[in-house]
Amino acid sequence: ACSSRFVLSQMHPMWQEPLEVPGGDRQSPIDISIRKSVFDPNLKPLVTRYDPRTCQQIWNNGYSFLVEYDDRTDKSTLHGGPLEDQFRLCQFHFHWGENNNWGSEHTVDRHLYPAELHLVHWNSDKYSLFEEAVMEDNGLAVIGVFMKVGRRHEGLQKLVDALPAVRHKDSVVEFTKFDPSCLLPQNTNEYWTYAGSLTTPPLTEAVTWIIMKQPIEVSHDQLAVFRSLLFTSAEEEVQKSMVNNFRVQQSLKDRTIRSSFN
Ligand SMILES: COc1ccc2c(ccc[n+]2C(=O)c2ccc(S(N)(=O)=O)cc2)c1
Ligand SMILES: [Zn+2]
């Protein structure tokens with residue numbers, strides 16, 4: 001899996017923004033202003049081929065919980081859309097708020113969603129490891145899916161039921177046979193795309209962002225279970241709820257947001 005090889009203890013608490021940022025002209029997240037985005041008729045449909053057998057574990061890494069996939073072969077892949085190469089799924093995770101009024105990292109015309117899903121892929125045509133790809137400007141592709149409160153999401157429930165087992169930072173639990181395509185909206189042909197960065201340290205400017213226009217619906221109770229997770233490890237005497245794990249919005253600078261739809 002891609003991020004478990006990183007020693008996360010190096011991560012400073014991500015909410016105090018680091019002073020210097022690598023480059024700094026293509027940082028994420030951003031507000032997606034609909035009127036500023038440009039329709040690009042050459043954008044292709046997204047093609048995701050995910051094999052649930054590559055799903056391995058859930059891990060609370062102290063900033064979110066990650067569902068990690070075996071990315072040693074091209075079994076769970078993404079191509080098409082704005083991408084020239086084939087990308088390999090390595091993990092997905094979420095960002096959410098302490099209540100349903102905020103929590104997403106990206107916004108659409110300043111509209112905040114209560115949560116946002118990120119499916120993280122790396123360019124396996126050009127690089128042989130996630131660690132290499134994360135340093136290159138065409139190294140990563142992250143699909144962002146907004147989540148809004150509504151009907152219970154049956155596919156998400158299997159994940160929600162496993163969360164109490166990873167309540168504390170650094171806890172891991174086996175989690176298998178999960179097909180993340182159940183978390184995509186039914187319409188994946190309408191998306192925005194722009195050149196950005198990781199939204200947590202090391203904030204490297206390696207990400208082609210693909211943000212779905214259509215949100216998925218999850219229930220209030222399912223989001224409440226996300227908020228029962230903790231930033232802190234079992235040993236720490238003061239336990240802190242894992243909420244508001246989103247980065248502040250960054251300036252667009254001279255980037256263009258393209259849309260796959262008119
Ligand atoms: C030392 O180098 C790294 C590199 C990447 C690290 C990381 C620590 C946590 C997450 N990551 C990630 O892989 C990561 C971080 C943020 C995102 S995000 N929220 O999708 O932009 C995706 C993936 C450390
Ligand atoms: Zn994320």
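A nonpolar core is a set of buried Ala, Val, Leu, Ile, Met, Phe, Trp, Tyr and Cys residues joined through side-chain atoms within 4.5 Å, where buried means under 20% relative accessible area, exposed over 50% and partly exposed in between, for a 1.4 Å probe and protein chains only. This is a predicted model, in which local features need pLDDT of at least 70 and side-chain atom pairs count only at pLDDT 80 or more, while totals for chains, interfaces and linings use all residues. Residues are numbered from 1 along each chain as its sequence is written, chains are lettered from A and ligands numbered from 1 in the order in which they are written, and side-chain values use heavy atoms, with hydrogens and water left out.

The largest nonpolar core has 43 residues, and the members that touch the most others are Phe92, Phe94 and Phe226. Strand β7, residues 87-96, contributes the most to this core, namely five residues; strands are DSSP runs of E with at least two residues, numbered from the N terminus. Contact means heavy atoms within 4.5 Å. Beyond its neighbours within four places in sequence, Phe94 is in contact with residues including Phe65, Met147, Leu183 and Phe226. A separate second core holds 25 residues, among them Ile32, Val120, Leu140 and Ile211.

The zinc ion (ligand 2) is coordinated at 2.0 Å by His93 (NE2), His95 (NE2) and His118 (ND1). Donors are N, O and S atoms within 2.8 Å of the metal (3.2 Å for Na, K and Ca), and sites may look incomplete because water is not among the atoms. The site is tetrahedral, with angles of 99 to 116 degrees among its four donor atoms; four donors count as such if all angles lie between 85 and 135 degrees. His95 lies in strand β7 and His118 in strand β9 (residues 115-123), so this pair ties together parts 23 residues apart in sequence. His95 is buried, at 0% relative accessible area, and His118 is buried at 1%.

Strand β7 also holds Arg88, which is buried with a relative accessible area of 11%. A polar atom of the Arg88 side chain lies 3.3 Å from the backbone oxygen of Thr73.

Tyr50 sits in the loop between β3 (46-49) and β4 (55-60) and is buried, at 10% relative accessible area. Its side chain makes a polar contact of 2.7 Å with that of His121. A polar contact is a pair of N or O atoms within 3.5 Å; within protein, one must be able to donate a hydrogen and the other to accept it, and residues adjacent in sequence count only if both atoms are side-chain atoms.

Methods: Helix = DSSP H or I, 4+ residues; strand = E, 2+ residues; numbered from the N terminus. Tetrahedral: all angles 85-135°; square planar, octahedral: opposite > 155°, others 65-115°.
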